[in-house]
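The structure is shown first.

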Amino acid sequence: MFNLWPKPHYVTIHWVANIMKNNSHWRKHIEIDQELISFCKEHVSLILPTLNEVDGLEQVIEASRDYCGELIVIDGHSNDGTWEKAHSLGVKRYRDNKKGKGDAIRVGIQKATKSVCVFIDSDLSHNPADIPRLIAPIMNSNADLVIGSRPRGGSDELHGDFEKFMRMIGSDIITLGINYRFNVRLTDSQNGFRAIKTSVAKSLNLQENITTIEQEMLIKALRKKFNVSEVPTHEFARKYGESHIKLSRVSFRYVYSWLKYLFL
Ligand SMILES: Nc1nc2c(ncn2[C@@H]2O[C@H](COP(=O)(O)OP(=O)(O)O)[C@@H](O)[C@H]2O)c(=O)[nH]1
Ligand SMILES: [Mg+2]
């Protein structure tokens, strides 16, 4: 009978050819990565908001050291030893004003001494090895703000139960509104894993005290005609503890601030 599958030696030839092709492709990327990593070392202030994240902090900090010029923990008055842990790891540390993650992001932007701020959660849900990919469009002068896209990179946090489902739907609706208002086609307006030029972040006059600061940052950047781009990044499930976001408590603020910054 006619066999659609290639004979074994064809498989071998294709296999070897692919390995060779992939190797040269890979080498090209390694060269780019070296340039990128040097750029990150010189220009990136990595800002880690923390609220009772003592269990994962060391791991995320050690995995980040190669991708930034300074590490800044902005702590929300944790009571689990996070503040002391940050000190023992030798990173810069400041406290927020007890208003929420948005407040912590604002403090981080004020304290940053490098030309690009990267924000990364401290719960091991973001991979620090993705930082150079967030930075590449900024280094190449193609973007002022780069957001890690979970729809494009996958998320272990946005699927599985009703709360996660609602977060995903809500996030998609907000992103859709932003896309049509500014004629862009982004896929993630909410991810906290992102990079922004420090001067741009300072010019946005950010006001939100909670995680709504993420959509505020994006909308205000688009309003001011800064270049916004996104790269796929995977979001892993939080490794320790629980999310600080309770949808029922924050959903009104999301809708209100979305409409306010879009139209007023
Ligand atoms: N400084 C500070 N960090 C916060 C606060 N709320 C959350 N975070 C941090 O912000 C990051 C994201 O918070 P998380 O609860 O994981 O939110 P989720 O990923 O959206 O579910 C984590 O590193 C938290 O420790 C806060 O009020 N102050
Ligand atoms: Mg999280």
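## Packing of α7 and α9

In this predicted model, helix α7 (residues 162-182) packs with helix α9 (residues 213-223) at an angle of about 5°, their axes lying 11 Å apart. Because angles under 35 degrees count as roughly parallel, α7 is roughly parallel to α9. Axes are lines fitted to C-alpha atoms over the stretch in contact, and angles run from 0 to 180 degrees between N-to-C directions; helices are DSSP runs (H or I, at least four residues) and strands likewise (E, at least two).

From α7, Ile174, Ile178 and Phe182 make the contact, meeting Gln215, Leu218, Ile219 and Leu222 of α9 (C-beta atoms, placed from the backbone, within 7 Å). Six of these residues are nonpolar, one is polar and none is charged (Ala, Val, Leu, Ile, Met, Phe, Trp, Tyr, Cys and Pro are nonpolar; Asp, Glu, Lys and Arg charged; the others, Gly among them, polar).

## Burial of α9

Nine of the eleven residues of α9 are buried, so α9 is largely enclosed by the rest of the structure (buried: 20 or more other C-beta atoms within 10 Å of a residue's own). Among them are Glu214, Glu216 and Met217. Lysine 225, which follows α9, has a positive phi near 65°.

## Shell around ligand 1

Ligand 1 is surrounded by 21 residues, the closest being Pro49, Gly76, Ala104, Ser243 and His244 (C-beta atom within 6 Å). Two or more residues each come from β1 (44-50), β2 (70-75) and α4 (101-111). By class, the shell has five nonpolar, nine polar and seven charged residues.

## Conventions

Residues are numbered from 1 along each chain as its sequence is written, while chains are lettered from A and ligands numbered from 1 in the order in which they are written. Local features need pLDDT of at least 70 and side-chain atom pairs count only at pLDDT 80 or more, whereas totals for chains, interfaces and linings use all residues.

Technical notes:
Parallel < 35°, antiparallel > 145°, perpendicular 65-115°, else oblique. Contact = placed C-beta atoms within 7 Å. Buried ≥ 20, exposed ≤ 12 C-beta atoms within 10 Å, placed from the backbone.
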